[in-house]
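I opened my notebook to look up the salt bridges in this structure. Here is what I looked at.

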Amino acid sequence: MTAQRRKIPLWKLVGGGAVHMVVPAYLLALAVDGWTHRAAGLDGWLTHVPHMSLWFLGVYTGASLSATLLAALTDRWTAQPANPEDQAETQAAQHLRQALARGRSAFGPEGDAVLDRIANLRPDPASAEVRALLRDLAAMVEAGRAALEASADHDTSARTVTALTRIAAALEQQARDRAVQAQDKALVMAAYVEARYGEDKI
């Protein structure tokens, strides 16, 4: 899955901007108020400042909250629907983390060794086949743990390790298949570039 830069919600930009602009806006309001009351002199203007400050605080707060609320509604209206493929990849990654964490030390050294094999493979959840294997992996770990909690016998642990080994082998085969596909694609692209831009074509 390609990493994407997270979009900052509009309401956070508007709200943050309102907070950062409150002091400059207040200073501007003071300057305008002082200009409009210059005839009253400095003492007369200073007695008017508290009233103006309360008025400014009320208006600015109301305007900021209204703008932030409008931005939040805009975010909601323009929100992109969740991509099912991205959700599936995220869930597959969670299955892998859950299986590795829950299975650790549950099935003895053999189980840990198999889980280490799987962790070192770094399975790619972009593949539907890999996602299916990771679902089975998480389910197998949970089933094995439940069985051992109900009856801790060696056969149950051994069967679970065998099943996890088969899943690991399947994931390794998937990794080999992806490597072959990537190599074939590179060879095809190299042949295409040579055919189109070779020395005899330039």
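**Entry: salt bridges**

I began with glutamate 149, which counts as exposed at 63% relative accessibility. My cut-offs: buried is under 20% relative accessible area, exposed is over 50%, and partly exposed is in between (1.4 Å probe, protein chains only).

I noted that this is a predicted model, where local features need pLDDT of at least 70, side-chain atom pairs count only at pLDDT 80 or more, and totals for chains, interfaces and linings use all residues. Residues are numbered from 1 along each chain as its sequence is written, and side-chain values use heavy atoms, with hydrogens and water left out.

Next I checked the partner of glutamate 149. It forms a salt bridge with arginine 145, with the closest N and O atoms 3.9 Å apart. A salt bridge here is a side-chain nitrogen of Lys or Arg within 4 Å of a carboxyl oxygen of Asp or Glu. Both residues lie in helix H5, four residues apart, about one turn of the helix. Helices (H or I, at least four residues) and strands (E, at least two) are DSSP runs, numbered from the N terminus.

How many salt bridges are in the whole structure? My search found four.

I looked up another, between glutamate 142 and arginine 102, with the closest N and O atoms 3.0 Å apart. This pair links distant parts of the chain, 40 residues apart: glutamate 142 is in helix H5 (residues 128–150) and arginine 102 in helix H3 (residues 84–103). Glutamate 142 is partly exposed at 26% relative accessibility. Arginine 102 is partly exposed at 35%.
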